[in-house]
Amino acid sequence: MSRRAQLPPPPPPVEIRSWPDREAMLTDRAAVLGELVRAHVAPGRLAMLWLWGSICALGWLLVGTALMTFEESYDVISVGVGAIIAVMGVGCMVPAVVLVVVGLRRDLRIRRLLDAWGGLDRDPARDAALRMPGAGTAWLVMSSVLCAVGLVTCFVVPAAATAERDTYSLVVLTMGLGLVAWLVGLIGLVKAFAHRRWVRRVLIGAPAPEPLISVGGGAHR
């Protein structure tokens with residue numbers, strides 16, 4: 001979820017807008033909104049989120065394996081191997097968490113820009129392509145499934161654990177993996193609902209007020 005490209009700037013303030021007419025403004029609005037929507041809910045963004053979640057889960061798996069190594073043996077060699085595995089796990093988790101946080105902050109900026117550009121006017125013909133119902137449904141369904149799997153892993157599996165069969169470190173490992181899955185799914189659900197809310201509120205909501213654009217280099221409507 002790294003920031004590979006600069007986001008578009010917000011629309012200029014009313015007093016310095018210089019679009020020659022409404023059609024020019026709508027063309028710029030459609031181009032910017034298309035770029036922002038793709039940056040927010042395109043299928044590639046979902047794949048990237050799951051990639052960083054998978055790396056974080058791999059890191060926790062390594063940390064859990066190290067805990068199991070410490071729990072099962074206390075000789076010097078086992079401790080050394082466990083320490084190396086734990087460092088590798090932390091090395092996977094930290095970058096993944098940082099990149100997810102960076103992506104969340106970027107998503108917040110994107111939603112603000114979507115509100116700003118979308119609020120300029122209504123353009124039903126061009127706005128239809130911005131709804132992206134297929135991508136939104138994919139985010140919603142796949143994130144819901146991941147959340148459900150994470151919750152089951154976090155609570156049901158540890159609740160069924162027994163002292164004779166399952167070790168403490170195994171339970172911690174399982175709950176950590178479930179927590180990662182739940183958090184990644186929750187992030188996806190938030191994005192899916194945020195996009196749907198934006199579509200309903202901005203694209204197909206109440207009619208926009210008369211746009212305030214500069215016509216002919218200086219006059220405002």
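Select helix H5 (133-159) and helix H6 (residues 168-203). H5 passes H6 in a left-handed crossing; a crossing is left-handed if the near helix is turned anticlockwise from the far one by less than a right angle, and right-handed if clockwise. Helices here are DSSP runs of H or I with at least four residues, strands are runs of E with at least two, and both are numbered from the N terminus. The model is predicted: local features need pLDDT of at least 70 and side-chain atom pairs pLDDT 80 or more, while totals for chains, interfaces and linings use all residues. Residues are numbered from 1 along each chain as its sequence is written, and side-chain values use heavy atoms, with hydrogens and water left out.

Stay on H5 and H6. Their axes come within 7 Å and cross at roughly 155°. Axes are lines fitted to C-alpha atoms, for helices over the stretch in contact, and angles run from 0 to 180 degrees between N-to-C directions. The angle makes H5 roughly antiparallel to H6 (under 35 degrees counts as roughly parallel, over 145 as roughly antiparallel, 65 to 115 as roughly perpendicular and the rest as oblique). The contact of H5 with H6 has 18 nonpolar, 10 polar and 2 charged residues. In this classification Ala, Val, Leu, Ile, Met, Phe, Trp, Tyr, Cys and Pro are nonpolar, Asp, Glu, Lys and Arg are charged, and the others, Gly among them, are polar.

The axes of H3 and H6 come within 11 Å and cross at roughly 5°, which makes H3 roughly parallel to H6. Residues of H3 that meet H6 include Leu104, Arg111 and Leu114, and those on the H6 side include Ile187, Ala194 and Trp198; contact means heavy atoms within 4.5 Å. By class, 7 nonpolar, 1 polar and 5 charged residues form the contact of H3 with H6.

H1 and H3 pack with their axes 10 Å apart, at an angle of about 155°. H1 and H3 are therefore roughly antiparallel to each other, and their crossing is left-handed. Among the residues that meet are Val32, Leu33 and Leu36 in H1, and Ile110, Leu113 and Trp117 in H3. The contact of H1 with H3 has 9 nonpolar, 2 polar and 5 charged residues.

The ring centres of Trp19 and Trp117 are 6.3 Å apart and their planes lie at 70°, so the pair is edge-to-face. Rings of Phe, Tyr and Trp (its six-membered ring) pair if their centres lie within 6.5 Å; planes under 30 degrees apart are stacked, over 60 edge-to-face and the rest tilted. Are Trp19 and Trp117 buried or exposed? Both are buried (buried is under 20% relative accessible area, exposed over 50%, partly exposed in between; 1.4 Å probe, protein chains only).

Select Ala42, in the loop between H1 and helix H2 (43-72). At 16% relative accessibility, Ala42 counts as buried. Leaving aside neighbours within four places in sequence, Ala42 is in contact with Val37, Met132 and Trp139.

Finish at Met132, in the loop between helix H4 (124-127) and H5. Met132 is not a glycine, yet has a positive phi of about 45°.
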